[in-house]
Amino acid sequence: MARAKSVYVCSECGASALQWFGACPACGAAGTLSETIAERSSAHRYAPPAPAAAPVPLAEIETRELGRLPSGIGELDRVLGGGLVAGQVALLAGDPGIGKSTLLLQCVSALESSSLYISGEESAQQIALRARRLALPAGRVRLLAEIQLERIVAALEAERPRVAVIDSIQTLYSEQMQSAPGSVAQVRECAAQLTRVAKRNGTAILLIGHVTKEGAIAGPRVLEHIVDTVLHFEGDPHSAFRLVRAVKNRFGAVNELGVFAMTEKGLRTVSNPSALFLSQHERDVAGSCVLATLEGTRPLLVEIQALVDAAQAPTPRRLSVGLEQNRLAMLLAVLHRHAGIATVDQDVFVNAVGGVRIAEPAADLAVSLAIVSSLTDRPIPGRVAVFGEVGLAGEVRPAPRGQERLKEAAKLGFERAIVPKANRLKPIAGLVLIAVERVDRAVQALREI
Ligand code: TYD
Ligand code: MG
C-alpha cells in the first residue's frame, strides 16, 4: 500500500512542516509539532458545492431503547450503564499489571455473542494459557495476535464480531505513519480508524490503554474525545482490590464504580464493597474517621485516616493519598481559623483506606475530624459515620443524597452519624443523628459522644 504523506502540524499556530523540528519554524514554540496524515487536496475544489444535507426537527427523530449487550460481568455492566451498546467504543485505562487484560478476557469469555480478542502485547499461547488457568469458557472467543492497524481493520471487517478487544491501543501502528507505535500520532490515528469501523459495523470495541506515571492516559487526551466511554481501572497494586470507574460515558451515568478483587482465579466481583474500605481495628484508634461517601449512585463507607505529628522540618509536610492535596491545606486553615485548632508546627498526613480515590467535597468533615482525632490523640468513639462539605467560613454544607448515605451506614451497623444540618435528614431506626451547622460544633460533638 502506498504510504500516505505525513505532515507535522504545530498545535500552537497551526503551521505545517514536512519534517519534524524541535521548535516550530513558524512561531518558534518548542515541542509543539506532531505528526498527522496529510489530507489529499480535493480534486473537486472548483466543482459546484454538494447539495446541503437537510436538517431534521429534533422532536421528529424516532428513538428506540439502546439495545444493551450484557458484558457477562455484573460489576462491569453497572459501570457501563447496563451493558455494551452496538458500535460503542470504550477505553479501559490503567497502570500496567493492574488486571486490564484479565478483566477483558473474562468479559469476552462470558459473552453470549461472537467476540474477537486482538492482542499486541501477548502471544496467542500466553492468552490461551491464561484462559485455561482461569478455567474460562472460551469457546466462542476468537484470538488474533496482531499490531498492524490495517490488518486488524481487515480482520474486523471479515469477522464482524459483536465485541472486539484491542490489547492495547499503544502497541498498534498504522502503515500510513512514520512515527513509532505508542506515539501520539499513531495512538490518535489508530483510535480514530477503529472508531470508524465500530460505527460502521455496529461492533462494540473495548480499547485497553496504559496510563503514565502522572495518571494521564498515555498518548493524547484526544483519545478521550474520540471514544464514547472512558473507564479507569484503579487500585493499589499491593492490595487485591480493583475499582473500575466510568469517567466519561455517552451511554450512561459517569462515576459509577465497579468493585473487584484479584484472586488466583482472576477477577471476582465484590458484592459488599463497603466492608472493604473499613479497616478492622480491635479497638477504636485515634486518627480514624469513617466517611459515608458516594461513588456514582452507590453509597460507600470508607475509612479516612490522619496522622498528625510534630514537624521534622521548618516547613511542615501536608500529604494526602486518595484525597485532594489542595483541600487538605484548605481544611487545615479552616480548622485553625474557625475551630481554634492549630497545626502550624505539625506534619499532617491523610489517607483513604483501600486505595480508593475520593474527589467529592463531602469528604471534608470526615478528613477534618480524623485530623482533630489524631492531633488530640482521642479516638472517635463507637461506630460513627460522617459526611459533609466544609466551607471557608467554617460552615458545614449539605451533601447530595444524604439519606442514602445514612441508609448504608445503618445497614453496616453504624450507631451514630455526624451530618450537615442543612441536609434535613429523616431519622433512621438504630442511627443517632448529630446534625451540625459549623465545623467547631462538629469538633465539639466528638467530645460529647
Ligand atoms: P494483567 O491482566 O496481565 O494486567 P494488565 O493487562 O493490566 O497489565 O494482570 C496482571 C497481574 O494480575 C499479574 O501481576 C498477576 C495478577 N493476576 C492474578 O493475581 N491472578 C490471576 O488469575 C491473573 C490472571 C493475574
Ligand atoms: Mg495486559
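**Figure 1. The largest nonpolar core of the predicted model.** This core holds 64 residues, and Leu 365, Leu 369, Ile 371 and Ile 418 touch the most other members. A nonpolar core is a set of buried Ala, Val, Leu, Ile, Met, Phe, Trp, Tyr and Cys residues joined through side-chain atoms within 4.5 Å. Buried means under 20% relative accessible area, exposed means over 50%, and partly exposed lies in between (1.4 Å probe, protein chains only). Helix α8, residues 364-376, gives the largest share of this core, seven residues. Domain 2 (68-271) and domain 3 (276-448) each supply at least three residues of the core; the domain bounds come from an automatic or database domain assignment. In soluble globular proteins, nonpolar side chains tend to be buried together.

This is a predicted model: local features need pLDDT of at least 70, side-chain atom pairs count only at pLDDT 80 or more, and totals for chains, interfaces and linings use all residues. Residues are numbered from 1 along each chain as its sequence is written, chains are lettered from A and ligands numbered from 1 in the order in which they are written, and side-chain values use heavy atoms, with hydrogens and water left out.

Figure 2. Ser 368 lies in helix α8. Helices (H or I, at least four residues) and strands (E, at least two) are DSSP runs, numbered from the N terminus. Ser 368 counts as buried because its relative accessibility is 1%. Glu 395 is 27 residues from Ser 368 along the chain, and their C-alpha atoms are separated by 13 Å.

**Figure 3. The shell around ligand 1.** The shell has 16 residues, and Gly 97, Lys 100, Ser 101, Thr 102 and Thr 263 come nearest. A residue is near a molecule or strand if one of its heavy atoms lies within 4 Å of it. The shell divides into four nonpolar, six polar and six charged residues. Here Ala, Val, Leu, Ile, Met, Phe, Trp, Tyr, Cys and Pro count as nonpolar, Asp, Glu, Lys and Arg as charged, and the others, Gly among them, as polar. At least two shell residues come from each of α2 (100-110), α3 (124-133) and β13 (257-263). Helix α2 gives the most, with three residues.

**Figure 4. Polar atoms beside ligand 1.** A polar backbone atom of Gly 97 is 2.7 Å from an oxygen atom of ligand 1. In the side chain of Thr 102, an N or O atom is 2.5 Å from an oxygen atom of the ligand. Arg 130 places a polar side-chain atom 3.0 Å from an oxygen atom of ligand 1. Taken alone, ligand 1 exposes 550 Å², and the protein buries 71% of that. Accessible areas come from the Shrake-Rupley method with a 1.4 Å probe; for residues, only the protein chains shown count as cover.

Figure 5. Of the 11 residues of α2, 10 are buried, so the helix is largely enclosed by the rest of the structure. The buried residues include Lys 100, Ser 101 and Thr 102. Leu 103, Leu 104 and Leu 105 are also among them.

Figure 6. Glu 35 lies in strand β3, residues 33-37. Glu 35 is buried, with a relative accessible area of 4%. Its side chain reaches the backbone nitrogen of Gln 178 at 3.0 Å. The side chain of Glu 35 also makes a polar contact with the side chain of Ser 179, at 2.2 Å. A polar contact is a pair of N or O atoms within 3.5 Å; within protein, one must be able to donate a hydrogen and the other to accept it, and residues adjacent in sequence count only if both atoms are side-chain atoms.

Figure 7. Most residues other than glycine have a negative phi, and most peptide bonds are trans. A cis peptide bond joins Asp 167 and Ser 168, with omega about 0°. Ser 168 sits in the loop between β9 (163-167) and α5 (184-201). Ala 135 is not a glycine, yet has a positive phi of about 55°. Ala 135 lies in the loop between α3 and β8 (141-145), and is exposed, with a relative accessible area of 58%. Arg 160 also has a positive phi, near 45°. Its place is in the loop between α4 (149-159) and β9. Arg 160 is partly exposed, with a relative accessible area of 47%.
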